[in-house]
Amino acid sequence: MAVMQRRRKLKRMISRVYRLVFSACVIYSTQAWSDVIVYPTTGLNLTAMPGASTSASLQFKPDESQLNPVKYRLASFRVNGVDVDKSKLTVNNLYLDNSHTLDRFQLILSGKERSNPVTSIFKFKPSWTDIPGNYSGYLTSDSNTPDIPIKVVVNPKSILTLTPISFKIITSNFDTPNIQTVDVVFGSNSPSWELYLSASNLTKFNGNTLDKNKIYVRIKDDLKSSWMNLDKIIKIAAGGSNAPGRIATLEFLINVDKLEKAGDYLGSIKFLVKNI
């Protein structure tokens, strides 16, 4: 009789152990099955230039067991080993009233999708101080969903505007100069640049020419700037990344003597940008 009681007691204990093990397995499996698939699987890839924003989308598809909200933020964002302001990348979707910066967690999934996919739009707008290069990082969530790699390629860009774009210079000399002024507006996201000038010979319709060594330029209101001959390429300005703005006003002069034949001569002056 005592033996029978011990056997029944042992069976009850074994049964309890089985139930505990089964329960633990169910809980573990539920956590493992909870998943979010992100398309494209390669992550977020953007190409950008200063002065304009660029955007791309990611689609988040949860399985039916994903019942909790999921938020993402930009955990890392660097270029050439230097940290980049994470608020430059923003996100917008049906759960957000407008674009929100990803330097903090933002809602991507509500937990009520029932496996329906949700699309989020990511936007990056570089400034003129964001140097060209490959910006890389990743989005991380506040749950057990996978990290998402991010790559933003910022291309080099320079803008040059002249006022006036074309001009006429009346020949003169250094004693009684006739000067033509030109405003130079320039912007670049290059961390270091140099601006050069070159000129062509001036040609008359009948074939007569004025040599380019008669063309001179200097920077207006710069006490250190003297007349420079354009018979060769010369440097007129240098700097670092900056938004478009007036960097100089140039003064042009054509120095001739009375023996030069009168008439209209045509030629060109070229502006050359060197990114360093």
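User: Contact means heavy atoms within 4.5 Å, so leaving aside its neighbours within four places in sequence, which residues is Val84 in contact with?
Analyst: With those neighbours set aside, Val84 is in contact with Phe77, Arg78, Val79 and Tyr135. This is a predicted model, in which local features need pLDDT of at least 70 and side-chain atom pairs count only at pLDDT 80 or more, while totals for chains, interfaces and linings use all residues. Residues are numbered from 1 along each chain as its sequence is written, and side-chain values use heavy atoms, with hydrogens and water left out.

User: Where does Val84 lie, and is it buried or exposed?
Analyst: Val84 lies in the loop between strand 5 and strand 6 (89-92), where strands (E, at least two residues) and helices (H or I, at least four) are DSSP runs numbered from the N terminus. Val84 counts as buried because its relative accessibility is 10%, given that buried means under 20% relative accessible area, exposed over 50% and partly exposed in between, with a 1.4 Å probe and protein chains only. Val84 and Tyr135 are 51 residues apart in sequence, and their C-alpha atoms are 8.3 Å apart in space.

User: OK, and Met49, what does that one touch?
Analyst: Not counting residues up to four places away in sequence, Met49 touches Pro126, Asn155, Pro156 and Lys157. Met49 has its place in the loop between strand 2 (44-48) and strand 3 (54-62), and it counts as partly exposed because its relative accessibility is 37%. From Met49 to Ser158 the C-alpha to C-alpha distance is 10.0 Å, although 109 residues separate them in sequence.

User: Switching to the core: how many residues has the largest nonpolar core, and which have the most contacts inside it?
Analyst: The largest nonpolar core has 29 residues, and those with the most contacts inside it are Phe60, Phe122, Phe124, Leu139 and Val152. Strand 4 (residues 70-79) gives the most to this core, with five residues. A nonpolar core here is a set of buried Ala, Val, Leu, Ile, Met, Phe, Trp, Tyr and Cys residues joined through side-chain atoms within 4.5 Å.

User: What does Val152 touch?
Analyst: With residues up to four places away in sequence not counted, Val152 touches Leu46, Phe77, Phe124, Gly133, Asn134 and Tyr135.

User: And how many bridges join strand 4 to strand 10?
Analyst: Six bridges join strand 4 to strand 10 (residues 133-141), and the two run antiparallel, with Arg78 standing opposite Ser136 in strand 10. Two strands pair if DSSP finds at least two bridges between them. Strand 10 also pairs with strand 11 (residues 148-154) in the antiparallel sense over seven bridges, and these two form a hairpin with six residues between them. In this pairing Gly137 stands opposite Ile150 in strand 11.

User: What's the order in the open sheet of five strands?
Analyst: The order is 1-3-9-6-7, with antiparallel pairing. Strand 1 and strand 7 (100-101) stand at the edges with a single partner strand each, so one side of each is left without a neighbour in the sheet. Strand 6 and strand 9 pair over four bridges, and Leu89 stands opposite Phe124 in strand 9.

User: New topic, what volume has the largest pocket, and which residues are closest to its centre?
Analyst: The largest pocket has a volume of about 650 Å³, a volume being the space filled by probe spheres set on grid points that are joined across faces, edges and corners. On a 1 Å grid over the protein atoms alone, a pocket is an open set of points where a 1.4 Å probe fits, with protein on both sides within 12 Å along at least five of seven lines, and lining residues have an atom within 4 Å of a point. Of the 25 residues that line it, Phe167, Lys168, Ile169, Ile254 and Tyr265 are the closest to its centre.

Notes: Contact = heavy atoms within 4.5 Å.
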